[in-house]
Amino acid sequence: MAKAFGFVDYGGPETQEFLDRPVLEPGPGRLGISVRAAGVNPVDWKIRRGLLGRNRELPAVFGQEAAGVVERIGPGVTGFTPGDEVFGVAATGAFAEQTLLRADLSAVKPRGIGFAEAATLPVAAATADDGVRDVGVGSGGTLLILGVAGGVGSAAAQIARSRGIRVLGTASDANRAHVESLGAVQVRYGDGVAERIRAAAPDGVDGILDLVGGEALRAAAATLADRSKLVSTADPDTAAELGGRYVTRSTTPATLAALADLVAAGELDPHITGRYPLAHAAEAMALVESGHARGKLILEIG
């Protein structure tokens, strides 16, 4: 049996608990791995609350991204061998001692980065990469990232800056130093944010990557002339209403490998701000659910 952390019903944190599940055998297109690290993301608590549908078989294990060591390989999978150190998107939950990865969304981990750094890439950094690409702001342009201080925003700011894009990011004043360390200009969110954006970018912004949604997105959209350059990962309905769209996901194993190479080269810092053992997974979840997590939180397992 393998220890895991998940939820037994849809709802709040009271539905979370530790689970024992059999070691999973990989089917076609799957890699069986012993997990060394797993990323904690806002999508985890949103799934638990049923905000993304209620069609999962319960109990369900948390976690979308993991890094670890290949133990078993499913039928038809090529390019991996037992003993490989890998990272990728979990098919059966990542907050566990053992899980299955999607082989089509996994890559071999470079020797130059650790398991924790690799576990930040399959969801958070890959979403950031897709978002920056999808917005389509070119070198010399100005990109506004709503919610820049979190895991996705921190990666998106660095990826955009590496492509010659000027970055503004909404965040609290408490996160100002963190935002500036990303090479971005911090804009305080809240009432009057549109005026503060215009003050930081008098000629307007060339694109918006939204990681927040709701009224924050509505207010910021007023500073963008070409609404086709508005992409959201958080609120597709509001984005569409404003003339934008939901992010187009295009992650491949090659994308993941390229992101890992950026980390190894020191060009992308995952900004891991918290490392928790599996036994303290609930604490990491609570911090992410509070909306006050800075950078990326990781579970270290095994």
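Predicted model: local features only at pLDDT ≥ 70, side-chain atom pairs only at ≥ 80, totals over all residues.
**Figure 1. Helix α6 and its two faces.** In α6 (residues 193–200), the residues Val193, Ala194 and Ile197 are buried. These three cover an arc of only 100° around the axis, which puts them on the same side of α6. The exposed residues Glu195 and Ala199 are carried by the face of α6 that is turned away from its buried side. Packing against the buried residues of α6 are β8 (142–146), β9 (166–171) and β10 (185–188), together with α7 (214–221).

**Figure 2. Helix α4, largely enclosed.** Helix α4 (residues 151–162) has 12 residues and reaches 17 Å from its first C-alpha to its last, close to the 16 Å expected at 1.5 Å a residue. Nine of its 12 residues are buried, so α4 is largely enclosed by the rest of the structure. Among the buried residues of α4 are Gly151, Gly153, Ser154, Gln158 and Ile159, and what covers the buried residues of this helix includes α3, β8, β9, α5 (176–181), β11 and α9 (253–264). Just after α4, Gly164 takes a positive phi of about 80°.

**Figure 3. Backbone geometry in two loops.** Most residues other than glycine have a negative phi, and most peptide bonds are trans. In the loop between α1 (42–48) and β4 (60–61), where Pro59 is found, a cis peptide bond joins Leu58 and Pro59, with omega at about 0°. In the loop between α9 and β14 (272–277) lies His271, which has a positive phi of about 50° although it is not a glycine. Because residues under 20% relative accessible area are taken as buried, His271, at 17% relative accessibility, counts as buried.

Figure 4. In soluble globular proteins, nonpolar side chains tend to be buried together. The largest nonpolar core of the model has 40 residues, of which Phe87, Leu121, Val132, Leu143, Ile145 and Leu209 touch the most other members. At least two residues of this core are supplied by each of α2 (115–118), α3, β8, α4, β9 and α9, and α3 gives the most to this core, with six residues. Apart from this core lies another, of 36 residues, among them Tyr10, Ala38, Ala90 and Ala284.

Conventions. Residues numbered from 1 in each chain as written. Heavy atoms only, no water. Buried < 20%, exposed > 50% of the residue type's maximum accessible area, 1.4 Å probe, protein only. Helix = DSSP H or I, 4+ residues; strand = E, 2+ residues; numbered from the N terminus. Arc of directions from axis to C-beta. Contact = heavy atoms within 4.5 Å. Expected span 1.5 Å × (residues − 1). Core = buried A, V, L, I, M, F, W, Y, C linked by side-chain atoms within 4.5 Å.
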